[in-house]
Structures are given as structure tokens and as C-alpha cells.
Amino acid sequence: MTTLNEPNSITQPENLSALANLPRDEGGPVFAEPWQAQAFALAVRLSAQGHFTWKEWAAALAGELKGAADRGEPDDGSRYYHHWLAALERLVTEKRLSDPSAMLERKEAWAVAYRRTPHGKPIELSASSTD
Amino acid sequence: MTTTRRDFLTAAVTAAGAAVTPDLAHAHEHDHAHDHDHQVVPSDPALRVKALESLLVEKGLVDRAALDAIVDAYEYKIGPRNGARVVARAWVDPAYKQRLLTNGAAAIAELGYSGPEGEQMMVVQNTPKVHNLVVCTLCSCYPWPVLGLPPVWYKSAPYRSRAVIDPRGLLREFGLHLPDDVELRVWDSTADLRYLVLPERPAGSEGLNEEELAAWVSRDSMIGTAKVVKPAEGVPA
């Protein structure tokens, strides 16, 4: 077949020169990291549950991609799920399913939980952080 | 037994500092995680997803089992093989082909494939004189139920822009040289309407049954960046 880039290789700084070219893959993993799969599933599920329409979702995602392009960020597909996540956070806020301060607070609570949990123990939020 | 994505992540996090799955190793913030007595803090986007998910699950807006099922389906079950079966059926069954070209989503649902990004499907047929190419210039709309999730290049800006500005040049980069007398039609997907290319049945495929034909149909041939060719000897389809 043709010359191929592994999906992950494009995210490495030494491969930034490849950005001008069309990234190629040959059916590699669809998700580079677990969080991408989870962000994907959240959008699909929230839409399926009727919290927003798929059209609203597509518009939010297109808005994030356009914003990145307007800022001159290289758009080679490798940051696709970063934009996906940003679109999800924005739509969740717009639809009042959650709000930015709650998301930030919860994110920090998770980081704290990781830092204070010894190896081999499951990560859990303290009771106060989940209230 | 399938390990769910969540189990996998938990196991990998728990194992941080010991034998880490190579796939996740590069995501670590620093190289010497084993020098610390706490667990490795995930990357910023990973924490944001975790935050979002835990908030929404607590409110009862989504449930974890449904999320895991979606991840599992798209990662392991739904892929271009669904589309290949649709194409092979159309090649052997003229009545099915007619239904497929008339009402894509309904004909595709006959084979059991449906879901998000597949509600409205238009199937466009390649002929000796017409070649079809699919793109989504705005984002990455893609017919998930038949092709799975899009490849990296489909989501990239170069593909999205060049498919419109210089589609013949783009196809040459994919190794597809279209003669000048072949009309090239570029279809721009939207949130409402997705496209699937019905490629030409290639020479040399006479006498094959539907299942054998499906093995010849590549993902790229259904996006329009390739034609269907006889698989090379010894190369698994």
C-alpha cells in the first residue's frame, strides 16, 4: 500500500514537519488514548438521550474546529478529540447540564485524588468533593 | 471475556510505575512516576473527561454502562466491514442495489446497520465515467454505522480543504489517477446527510460469492479515495 504515518506519530514534536502533508493511516486505533473514547461516548449518549440534537453537536464541533483554524493552530487531525472535548464542555454548559466552575472543581478534585492515593489503591473522590 | 475500557484504564493506572501498557506510557506527565508514592495524575483532557463524566453520571443524565457499550461497539465491532457487506450485497443483488440508491439508510438498515450519523444516507454510485469522493469540509461527518469512525486523514484540514480545491491532485496523492474524461463528483457531508460511495465491481471478481466480494472492498473505496482492486496475494483482506 502507500506510505503511512502511524496515527500517534503525528503528535510527536519531531514529526511536526509532516503537518503540511496529508496524514495517512491504515486502519490504526480509532482512539489514541482512553479519554478520547470516553469523550466520544459522552457526546453520543447525551445526544441519544435527547439532551441536544446531533445537529447542535455537529455545529458545536465545527465551531471549535473553526476557532482552532482561525487561531492558526495546525489542524492535522491529531488534536481532533481535544476540540471534541472543548465542544462537549461548551454544549454541556449551554444546555445547563453542568457549568464551568463545577467542571473545574471536579477536575481538581480528581487530580487531588490521584496525588494522594498510594499505588495499588483504587482512585476515589473524597465524600466532600462529590457533594 | 472482554475487558471494558474502564477496567483497562483502572488497571493501567493502578499499574503505573510497574509494567505500564506501552500505549499509555507516553501519556505520563513525567518519566519517573515510580519515584513518587502517589499515582500518576492523568493528562489535562483525561481529567476533564473524568470530571464531566462523573458529574453527568451523578445527575443521572448518562449511565456508565451505556457509555462503555458505545466505546466497545465503536472500538471493536463497528468498522468498514459493515459497509463492505452493503457494497457486496449491491453487487450481487440488483434489486437491493436499486433500493440502496433510492433510500440508502433503509437499505443499509435491512442488513442491520443503523445508529448515530447514519439516519440519512445517500449512496452514490461510481461508474466508468463518474467517480465520487466524500468529504466533510466543516468537521468530520462520516457514516459511522457503515464505516466506523473516520481515519485521521479524513479529519485533517489538508483533506477537508483539498477535496474541494484540488480533488484530482488529492486523489493522485492517494495513488488514484483519474483519466480526464471521468467526471469527479465531490460530496460534502453534513450533520443531516452522509454519503457512502458504491464502488465499481472490479474485473477479476466474477464468480465470487457475496462474502468473498466483501473481503475485497476497502474502507477507502467507500470514501472514494481508492478503487476496489483484487487483494494482493498473501495480503489479508
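**A guided tour of chains A and B**

Begin by selecting chain B: among its contacts (heavy atoms within 4.5 Å) between residues at least 6 apart in sequence, 65% join residues at least 24 apart. The model is predicted, local features need pLDDT of at least 70, side-chain atom pairs count only at pLDDT 80 or more, and totals for chains, interfaces and linings use all residues. Residues are numbered from 1 along each chain as its sequence is written, chains are lettered from A and ligands numbered from 1 in the order in which they are written, and side-chain values use heavy atoms, with hydrogens and water left out.

Colour chain B by secondary structure to display 13 helices and four strands; helices (H or I, at least four residues) and strands (E, at least two) are DSSP runs, numbered from the N terminus. Of the 237 residues in chain B, 49% are buried. Buried denotes under 20% relative accessible area, exposed over 50%, and partly exposed the range in between, with a 1.4 Å probe and protein chains only.

Next, select helix α10 of chain B, residues 157-165, whose buried residues are B:Pro158, B:Tyr159, B:Arg160 and B:Ala163. These residues pack against α2 (54-70) of chain A and, within chain B, against β2 (130-135), α9 (152-155), α11 (167-173), β3 (183-188) and α13 (219-223).

Now display the largest nonpolar core, which has 86 residues. Such a core is a set of buried Ala, Val, Leu, Ile, Met, Phe, Trp, Tyr and Cys residues joined through side-chain atoms within 4.5 Å. A:Phe40, A:Trp57 and A:Trp84 have the most contacts inside this core, and helix α1 (residues 34-48) of chain A gives the most to it, with nine residues. Centre on A:Phe40: leaving aside residues up to four places away in sequence, A:Phe40 touches A:Phe31, A:Tyr81, A:Trp84, B:Ile70, B:Tyr74, B:Trp144 and B:Leu149. Another core, of 10 residues, lies apart from the largest one and includes A:Ala109, A:Trp110, A:Tyr114 and B:Val41.

From α1(A), residues including A:Trp35, A:Gln36 and A:Phe40 meet residues of α3(A), among them A:Tyr81, A:Trp84 and A:Leu88. By class, this contact has 11 nonpolar, two polar and no charged residues; Ala, Val, Leu, Ile, Met, Phe, Trp, Tyr, Cys and Pro count as nonpolar, Asp, Glu, Lys and Arg as charged, and the others, Gly among them, as polar.

Select A:Gln36 in helix α1 of chain A. At 6% relative accessibility, A:Gln36 counts as buried, and it touches A:Phe31 and A:Tyr81, not counting residues up to four places away in sequence.

The axes of α3(A), residues 80-94, and α3(B), residues 44-58, come within 11 Å and cross at roughly 35°. Residues of α3(A), including A:His82, A:Leu85 and A:Glu89, meet residues of α3(B), among them B:Arg48, B:Val49 and B:Leu52. By class, the contact has eight nonpolar, one polar and two charged residues.

Finish at A:Arg96, in the loop between α3 and α4 (100-116) of chain A. Although not a glycine, A:Arg96 has a positive phi of about 55°, and at 75% relative accessibility it counts as exposed.

How values were computed:
Axes fitted to C-alpha atoms, helices over the stretch in contact; angles between N-to-C directions.
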